[in-house]
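Here are my notes on the model, point by point. Please read them with the coordinates open.

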Amino acid sequence: MSTVMTAGHSGTPATGPAEEIVYESFNYAPDRLTYGFAAEGCHGVSAVTAGGVRVGSLLWDREDGMVWWVGVRKAFRRNGIATAMWQLACEKAEIQGWTRPVHSDVLTEYGQAWIASL
């Protein structure tokens, strides 16, 4: 069961009107997302529009903090959604006493640019 985080964010998608974005925290299960690309025991934060469309997700391992995945739908990029998910993941880890998320050494160009902006 997901829990809605207390922070909200109004994103302005690159294509279309501004939509309110709600951030949910969830325990990862391979059937939760389209691809099972993270280990059991991961935790996640998702960005979801008011209409229920998931536009971003961040998954990290609670034990070692390794980030397995960060992604935001193309039309919603460059609006602070990944950064808000990162901040909420760090907050969730601190509250729960988990290892704080850390960036992987394997990064895309987008990932490198995003990390440089933090």
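1. Start with Ser46. Its relative accessible area is 0%, so Ser46 is buried. Ser46 lies in strand S3. The side chain of Ser46 makes a polar contact with the side chain of Arg54, at 3.0 Å. Keep in mind throughout that this is a predicted model.

2. What surrounds Ser46, once neighbours within four places in sequence are set aside? The contacts are Val22, Tyr23, Glu24, Phe26, Arg54, Gly56, Ser57 and Met85.

3. Now the overall layout. The protein has five strands and two helices. Read from the N terminus, the order is β-β-β-β-β-α-α. The chain has 118 residues, and 37% of them are buried. Among contacts with a separation of 6 or more, 43% link residues 24 or more positions apart.

4. Surface totals come next. The protein exposes about 6,900 Å². Carbon and sulfur atoms supply 52% of that area.

5. Val22 is found in strand S2. Is Val22 buried or partly exposed? Its relative accessible area is 24%, so Val22 counts as partly exposed; the cut-off for buried is under 20%. Val22 and Gly52 are 30 residues apart along the chain, yet their C-alpha atoms are separated by 9.1 Å.

6. Thr49 is another S3 residue. Its relative accessibility is 6%, so Thr49 counts as buried. Leaving aside neighbours within four places in sequence, Thr49 is in contact with Glu19, Glu20, Ile21, Val55 and Phe76.

7. Asp61 is a charged-type side chain to check by eye; where is Asp61 placed? Asp61 is in strand S4. At 13% relative accessibility, Asp61 counts as buried. The side chain of Asp61 reaches the backbone nitrogen of Asp64 at 3.3 Å. Beyond four places in sequence, Asp61 is in contact with Cys42, Met66 and Trp68. Asp61 and Gly44 are 17 residues apart in sequence, with 8.8 Å between their C-alpha atoms.

8. Trp98 pairs well with the previous point. Trp98 lies in the loop between H1 and H2. Trp98 is partly exposed, with a relative accessible area of 22%. Setting aside neighbours within four places in sequence, Trp98 is in contact with His43, Trp60, Arg62, Lys92 and Ala93.

9. Next, the nonpolar patch on the surface. Which residues form it? They are Met66, Trp68, Trp69 and Val102. Together they have about 350 Å² of accessible area. Met66 and Trp68 are also in contact with Asp61.

10. Val102 is found in the loop between H1 and helix H2 (109–117). Its relative accessibility is 35%, so Val102 counts as partly exposed. Trp98 lies in the loop between H1 and H2 too.

11. Last, a backbone point. Most residues other than glycine have a negative phi. Phi of Arg78 is near 65°, a positive value in a residue other than glycine. Where is Arg78? Arg78 is in the loop between S5 and H1. Its relative accessible area is 75%, so Arg78 is exposed; the cut-off for exposed is over 50%.

Conventions: Residues numbered from 1 in each chain as written. Predicted model: local features only at pLDDT ≥ 70, side-chain atom pairs only at ≥ 80, totals over all residues. Heavy atoms only, no water. Helix = DSSP H or I, 4+ residues; strand = E, 2+ residues; numbered from the N terminus. Buried < 20%, exposed > 50% of the residue type's maximum accessible area, 1.4 Å probe, protein only. Patch = residues over 30% accessible without salt bridge, like charges linked within 9 Å, V, L, I, M, F, W, Y side chains within 5 Å. Areas by Shrake-Rupley, 256 points an atom, 1.4 Å probe, with all protein chains shown as cover. Salt bridge = Lys/Arg side-chain N within 4 Å of Asp/Glu carboxyl O. Polar contact = N/O pair within 3.5 Å; in protein donor to acceptor, adjacent residues only side chain to side chain. Contact = heavy atoms within 4.5 Å.
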